[in-house]
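Trainee: Could we go through this structure together? I would like to begin with the spaces inside it.

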Amino acid sequence: MDTPSHTVEAVVEKAPGPDFSALDLIEQKSAASFFQPIISIKKIGVVGLEAHGRGVDSETKQLIEPEDLYKKLDEKGARLALDRLFRDKGLEGFAKVQSNIPGMLLFLNIDSTILTSDVVGSGYLIKSVREMGLDPSMVVIEIAPEVSSDTAAIRKFVEFHKAEGFLIALEGINNSREKLNQVLHLNPDVVKLDPALVQSMAKDAYKREGVRTVVNLTQKLGSLVVADGLENEEDALTALDLGADMLQGSYFSKPQKSDASTLGLKARIVFMASRYRRMMTERMGRDKDRRSRCQVIALSIFEALSEIPLADREGQLASFFPRHPQLECLYLLNQDGVQVSETVCNTRKVQSRKQFLFQPAPRSTDHSLKEYYYGLTYNGMTRYLTEPYISLASGNLCITFSGVLNDPGTGKLQILCADIDVSQV
């Protein structure tokens with residue numbers, strides 16, 4: 001979507017006066033809402049806004065962080081009142097934004113500690129949304145369940161609001177067992193990654209694997225992923241590369257006043273889309289070149305073996321390694337996927353401590369569940385090339401090229417499998 005090119009500075013939040021009263025603030029409804037954009041690079045635009053509630057000191061007019069307010073509110077009823085105040089302010093501000101920029105999603109936070117059996121089902125939120133003339137299907141309710149949260153009440157809350165048309169998001173999700181179980185049990189529409197997992201992940205392999213774990217699970221469940229807390233370009237690109245659907249963080253914009261939350265973002269979004277497109281194009285080019293080189297190696301072996309009688313083929317396998325040092329292993333299968341030759345391997349040795357993990361498959365091994373067999377036979381193909389995987393023969397990342405060989409004398413069928421070391425092509 002088109003937005004003005006000028007930027008607006010985020011409001012600087014200052015500490016409140018020492019004597020501010022959280023209860024007076026709630027009674028006076030002295031609060032404000034700020035909005036942080038949520039970006040879709042594939043759509044090249046802003047797709048949603050997350051509302052951030054702030055208290056306003058009635059005397060100094062300075063902003064008060066929610067954490068500072070909640071510290072002064074021990075009673076559950078007061079926490080609920082503050083949470084509803086922030087939500088109402090968020091809905092009010094979003095209604096003004098949506099009238100100017102329709103089609104946006106509102107991400108609205110709810111304090112999970114207030115979701116108890118006597119609160120869930122009150123209908124307060126749906127009533128507030130309707131009073132603002134908003135469609136519940138445009139509102140994403142964000143929840144971050146804590147260890148002390150009432151799990152049964154949260155599940156009831158989620159089911160109730162899904163039935164009313166709301167979307168549900170879980171925030172602060174990482175690859176811990178607890179957080180992944182929350183995703184499985186609540187089945188949200190959106191999963192927001194924990195900023196602690198997202199930040200610096202471009203330089204941290206452990207964090208990248210954590211993000212990949214969350215993304216793999218959410219894709220299976222049909223949920224979308226928001227990479228939250230992004231502070232730089234490289235982490236944003238990494239998030240896209242790992243499968244994040246949407247991006248959020250100070251790299252794009254800090255929370256802004258409602259009428260300024262999407263200003264000045266178009267250029268940065270277009271720039272990020274250009275970087276991502278270039279990265280994907282370069283990768284696809286490398287993958288295409290690598291696959292082409294693997295095919296050239298494998299096809300030359302297939303052509304040579306196709307002229308050799310079936311009984312003599314196994315004896316010829318070793319002769320191809322001096323000509324093609326990229327080869328890991330060569331072996332022959334019958335039409336049922338059972339290995340009918342020994343596995344002939346490159347002379348490189350597996351580390352002694354890994355020799356029981358990675359060993360060449362012996363004659364009579366059943367390969368019928370391997371991709372290079374069922375991918376070939378199920379699709380009725382004569383040639384098949386796998387994606388890279390860890391070879392059980394060597395522990396190296398390899399690609400297997402499999403193909404059908406017919407015996408020129410008897411007409412019997414064999415399948416030749418050529419494992420090729422990806423790092424060598």
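Trainee: Which helix gives the largest share of the lining of the largest cavity?

Mentor: Please keep in mind that this is a predicted model. The largest share comes from helix 3, with three residues. Helix 3 (76–100), helix 4 (124–131) and helix 5 (151–163) each contribute at least two residues to that lining.

Trainee: What is the volume of the largest cavity?

Mentor: Its volume is about 110 Å³. The structure holds one cavity of 30 Å³ or more. The cavity is lined by 15 residues, and those closest to its centre are R87, V119, S122, F157 and H161.

Trainee: How does that lining divide by class?

Mentor: The lining of the largest cavity has nine nonpolar, four polar and two charged residues.

Trainee: Let us turn to the largest pocket. How much space lies in it?

Mentor: The largest pocket holds about 790 Å³ of space. Among the 31 residues lining this pocket, H52, P66, E67, N109 and E171 are the closest to its centre.

Trainee: Which elements give two or more residues to the lining of that pocket?

Mentor: They are strand 2 (45–56), helix 2 (66–70), helix 3 and strand 4 (105–110). Strand 2 provides the largest share, five residues. By class, the lining of the largest pocket has nine nonpolar, ten polar and twelve charged residues.

Trainee: A change of topic: how many disulfides are there?

Mentor: The count is zero disulfides. Consider C294: the closest cysteine sulfur, in C398, is 9.4 Å from the sulfur of C294, which is too far for a bond.

Trainee: And what about C329, where the nearest cysteine sulfur is that of C345?

Mentor: Those sulfurs are 3.1 Å apart, and C329 is in no disulfide.

Trainee: Is C294 buried or exposed?

Mentor: C294 is buried, because its relative accessible area is 0%. C329 also counts as buried, at 1% relative accessibility.

Trainee: What is S223 in contact with, leaving aside its neighbours within four places in sequence?

Mentor: S223 is in contact with N187, P188, D189, V191, T218 and D245. As for P188, its backbone oxygen lies 2.6 Å from a polar atom of the S223 side chain.

Definitions and conventions. Residues are numbered from 1 along each chain as its sequence is written. This is a predicted model: local features need pLDDT of at least 70, side-chain atom pairs count only at pLDDT 80 or more; totals for chains, interfaces and linings use all residues. Side-chain values use heavy atoms; hydrogens and water are left out. A disulfide is a pair of cysteine sulfur atoms within 2.5 Å. Buried means under 20% relative accessible area, exposed over 50%, partly exposed in between (1.4 Å probe, protein chains only). A polar contact is a pair of N or O atoms within 3.5 Å; within protein, one must be able to donate a hydrogen and the other to accept it, and residues adjacent in sequence count only if both atoms are side-chain atoms. Contact means heavy atoms within 4.5 Å. On a 1 Å grid over the protein atoms alone, a cavity is a set of points where a 1.4 Å probe fits but cannot get out, and a pocket is an open set with protein on both sides within 12 Å along at least five of seven lines; lining residues have an atom within 4 Å of a point. Grid points are joined across faces, edges and corners, and a volume is the space filled by probe spheres set on the points. Helices (H or I, at least four residues) and strands (E, at least two) are DSSP runs, numbered from the N terminus. Ala, Val, Leu, Ile, Met, Phe, Trp, Tyr, Cys and Pro count as nonpolar, Asp, Glu, Lys and Arg as charged, and the others, Gly among them, as polar.
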